[in-house]
Amino acid sequence: MEIVNKLVEEIEKTYKVIPERPWAKDPQSMTFKVKENSKWFALIMPVKRKSLALEGEGEIWIMNLKAPSDYIMLTGGTKGVIPAYHMNKQHWITVFLDGTVDYAMILNLLDNSYNIVSDSPTKRIYEAVKRIPKGKVATYAQVAAMAGNEKMSRAVGNALHKNPEPGIIPCHRVVDSKGRLAGAFAFGGAGAQAKLLADEGVEVIDEFVDLKKYKMNDVI
């Protein structure tokens with residue numbers, strides 16, 4: 001149980017997620033969901049050793065995680081990691097929590113699972129915006145390309161207007177293809193985007209930024 005408690009604490013600390021216990025007949029089992037989409041990225045529970053074709057009596061604690069299909073095909077060579085128990089074996093793995101698997105490896109598999117389940121175009125857009133340096137701007141098309149699809153410029157605009165963390169995701173550094181700022185309804189009202197850019201050393205003239213001077217280099 002020590003490693004189980006340690007993992008629960010780690011998940012709450014790193015991903016801000018607390019366990020749910022959805023099964024009244026199985027109160028020890030815990031599920032963990034990505035907040036943004038309410039999808040599971042981890043399931044911790046005790047199962048009978050015989051259920052996993054393991055020697056001995058009693059139970060073993062396990063954690064089910066999402067994993068890439070190519071990794072799952074190779075799990076036979078990793079002691080303590082098998083295709084998922086009681087879940088889709090093409091997309092999930094089971095990790096033994098009895099000391100067989102190194103704790104650092106468990107954390108790595110856990111993080112991979114979280115990233116797979118939490119991935120979305122909006123998340124990729126926000127991560128791309130974070131890469132725009134202070135004192136520079138990027139166009140909607142640039143952000144779309146950095147997010148993996150150069151054709152989703154419209155989705156970039158929609159995501160920026162719903163920015164959940166204005167102080168962390170610098171959406172004010174995004175302009176249109178001509179260097180024009182967003183409308184007055186964004187970034188806190190008329191003049192707000194221009195002020196934020198000016199504070200970072202970006203000159204704004206008549207609601208436009210000189211892209212030749214301030215546009216960030218394309219990121220491959």
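I began with M63: leaving aside neighbours within four places in sequence, I find M63 in contact (heavy atoms within 4.5 Å) with L7, A42, L43, I44, I93, T94, V95, L97, I106 and L110. The model is a predicted one, in which local features need pLDDT of at least 70 and side-chain atom pairs count only at pLDDT 80 or more, while totals for chains, interfaces and linings use all residues. Residues are numbered from 1 along each chain as its sequence is written, and side-chain values use heavy atoms, with hydrogens and water left out.

**Cores**

I looked up where M63 belongs. M63 is listed with F32, F41, I44 and L97 as the residues with the most contacts inside the largest nonpolar core, which has 29 residues. A nonpolar core here is a set of buried Ala, Val, Leu, Ile, Met, Phe, Trp, Tyr and Cys residues joined through side-chain atoms within 4.5 Å. I take buried as under 20% relative accessible area, exposed as over 50% and partly exposed as in between (1.4 Å probe, protein chains only). At least two residues of this core come from each of α1, β1 (30–33), β2, β3 (59–66), β5 (92–96) and α3. Another core, of 20 residues, lies apart from it and includes I132, L160, C171 and M216.

**Aromatic rings**

I counted five aromatic pairs in the structure. Rings of Phe, Tyr and Trp (its six-membered ring) pair if their centres lie within 6.5 Å; planes under 30 degrees apart are stacked, over 60 edge-to-face, and the rest tilted. Y15 and Y114 have ring centres 4.3 Å apart and planes at 25 degrees, so I note this pair as stacked. Y15 is in helix α1 (residues 2–15) and Y114 in helix α3 (residues 103–118), so the pair ties together parts 99 residues apart in sequence. F41 and Y114 have ring centres 5.0 Å apart and planes at 90 degrees, so this pair is edge-to-face. F41 sits in strand β2 (residues 40–48) and Y114 in helix α3, so parts 73 residues apart in sequence are tied together. F41 is buried at 0% relative accessibility, and Y114 is buried with a relative accessible area of 14%. Ring pairs link Y15, F32, F41 and Y114 into a cluster.

I also checked Y103: K6 lies over the face of this ring, at 4.2 Å from the ring centre. The criterion is NZ of Lys or CZ of Arg within 6 Å of the ring centre and within 35 degrees of the ring normal.

**Q142**

I placed Q142 in helix α5 (residues 140–146). Q142 counts as buried, at 7% relative accessibility. Neighbours within four places in sequence aside, Q142 is in contact with V137, K215, M216, N217 and D218.

**Positive phi**

I noted S38, not a glycine, with a positive phi near 60 degrees. S38 is in the loop between β1 and β2 and is partly exposed at 49% relative accessibility. D206 has a positive phi near 50 degrees. D206 is in the loop between β8 (204–205) and β9 (208–209) and is exposed, with a relative accessible area of 67%.

**Whole protein**

I recorded eight helices and nine strands; these are DSSP runs (helices H or I, at least four residues; strands E, at least two), numbered from the N terminus. The C-alpha atoms fill a box of roughly 75 × 35 × 25 Å along the principal axes. Of the 220 residues, 42% are buried.
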